[in-house]
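Trainee: I would like to learn how to read the features of a protein model. Could we work through one together?

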Amino acid sequence: MKLAVVGATGLVGSEILEVLDEHNFPFDELLLVASERSVGKKIAYKGKDFSVIGLAEAVSLKPEIAIFSAGGSTSLEWAPKFAEVGTLVIDNSSAWRMDPSKKLVVPEINAKELSKEDKIIANPNCSTIQMVLALEPLRQRYGIKRIVVSTYQSVTGTGKAAVDQMMAERAGTTPEMVYPHKIDMNVLPHIDVFQPNGYTKEEMKMINETKKIFSDDSIKVTATTVRIPTMGGHSEAVNVEFKEDFDLAEVRELLSNAPGVIVQDDPANFVYPMPITAHKKDEVFVGRLRRDESQANTLNMWIVADNLRKGAATNAVQIASYALENKLV
């Protein structure tokens with residue numbers, strides 16, 4: 001089985017390689033793929049040096065699975081070329097997420113919708129993945145009317161250059177600016193491009209992707225996404241209005257039994273999810289569970305996950321594993 005990792009030199013690409021190793025993902029041949037400027041570069045993996053190859057060469061080698069993390073324009077151009085030679089493409093960019101002909105998959109929620117005909121599968125936005133995974137067991141039990149989410153997102157979500165900007169600012173040196181403002185010791189209520197309706201693209205991704213993953217356009221969603229000077233993971237304050245009333249003890253039990261979710265909810269002992277403790281973990285962490293006393297049937301919750309892991313690499317590898325286990329490739 002040939003496996004290609006497209007965008008292998010980037011932050012998410014590196015994380016994909018780590019997750020493949022940790023999950024003992026089975027393959028016979030590994031193709032590390034990147035843009036032409038990186039061709040020939042050596043990447044060490046499991047004690048062996050791999051030479052980076054270009055996209056055209058990778059297509060010609062017809063891998064069974066290609067995990068893409070190389071940006072939307074690359075995915076739009078090259079994912080169909082891989083699909084044409086029979087490769088199953090799992091794409092981390094936003095290129096295919098809202099395409100009605102493509103599945104948007106969080107394996108614990110909707111992998112069962114996949115078939116052999118699906119040759120390009122979209123990985124949702126990192127902040128969407130962690131929210132819907134934590135909400136899914138509650139949605140199944142109580143139904144959801146409305147979600148209000150505010151995010152606190154790590155600079156790692158922007159990429160290595162953003163991390164470099166923050167660390168240069170912290171060191172007192174002049175950085176190459178990725179953001180329009182200083183990020184260290186600051187908060188930017190601005191992730192991705194502003195849209196005509198005043199929301200950012202990131203906010204609209206959360207709104208639209210949530211409805212698609214849940215296959216329910218009746219759910220009302222509104223979002224404010226914010227970049228903060230942290231690493232390790234994204235955090236979210238979520239206020240969710242259910243169709244039915246809930247019992248807090250039952251909510252904790254449902255979340256505790258949900259695959260991929262860990263409850264950390266003991267505020268008396270200062271136990272709650274944080275990016276620093278979610279870092280390098282595959283799970284989604286949930287805490288600060290409390291009833292919204294201003295409105296019926298409404299819960300407040302705090303959700304944290306490593307955006308490079310479950311928010312990107314881990315979710316993609318889990319999709320690939322599902323496809324192998326269910327003979328979709």
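Predicted model: local features only at pLDDT ≥ 70, side-chain atom pairs only at ≥ 80, totals over all residues.

Trainee: What is the arrangement of the rings of Tyr142 and Phe246?

Mentor: A pair of aromatic rings is described by the distance of the centres and the angle of the planes. For Tyr142 and Phe246 the centres are 6.2 Å apart and the planes make an angle of 65°, an edge-to-face pair. Tyr142 belongs to helix α5 (residues 126-142), while Phe246 sits in the loop between β11 (234-242) and α8 (248-256), so the pair ties together parts that are 104 residues apart in sequence.

Trainee: Which residues form one aromatic cluster?

Mentor: Tyr142, Phe242 and Phe246 do. Phe246 also has a charged neighbour: Arg291 lies over its face, 4.1 Å from the ring centre.

Trainee: How many aromatic pairs does the structure hold?

Mentor: There are six aromatic pairs. One of them joins Phe68 and Phe82, edge-to-face, with 5.3 Å from centre to centre and 90° between the planes. This pair links distant parts of the chain, with Phe68 in strand β5 (residues 65-68) and Phe82 in helix α3, 14 residues apart.

Trainee: Why does Phe68 count as buried?

Mentor: Burial is judged by relative accessible area, and the cut-off is under 20%. Phe68 counts as buried because its relative accessibility is 0%. Phe82 counts as buried because its relative accessibility is 0%.

Trainee: How do the residues of the lining of the largest pocket divide by class?

Mentor: The lining has 11 nonpolar, 21 polar and eight charged residues.

Trainee: How much space lies in the second largest pocket?

Mentor: The second largest pocket holds about 200 Å³. It is lined by 13 residues, of which Leu11, Glu15, Thr156, His279 and Leu308 are the closest to its centre. Helix α1 gives the most to this lining, with four residues. By class, the lining of the second largest pocket consists of four nonpolar, five polar and four charged residues.

Trainee: Last, the whole chain. How many helices and strands does the protein have?

Mentor: The protein has 10 helices and 14 strands. Its radius of gyration is 20 Å, close to the 20 Å that the globule rule gives for 329 residues, so the protein is as compact as a globular protein of that length.

Trainee: What box do the C-alpha atoms fill?

Mentor: Taken along the principal axes, the box is roughly 60 × 50 × 40 Å.

Trainee: Going back to burial, what percentage of the 329 residues is buried?

Mentor: Buried residues make up 52% of the 329 residues.

Conventions: Residues numbered from 1 in each chain as written. Heavy atoms only, no water. Nonpolar A, V, L, I, M, F, W, Y, C, P; charged D, E, K, R; others polar. 1 Å grid on protein atoms, 1.4 Å probe; cavity = no way out; pocket = protein on both sides within 12 Å on 5 of 7 lines; lining within 4 Å. Points joined across faces, edges and corners; volume = space filled by probe spheres on them. Helix = DSSP H or I, 4+ residues; strand = E, 2+ residues; numbered from the N terminus. Phe/Tyr/Trp six-rings, centres within 6.5 Å; stacked < 30°, edge-to-face > 60°. Buried < 20%, exposed > 50% of the residue type's maximum accessible area, 1.4 Å probe, protein only. Lys NZ or Arg CZ within 6 Å of the ring centre and 35° of its normal. Rg over C-alpha atoms; globule rule 2.2 N^0.38 Å.
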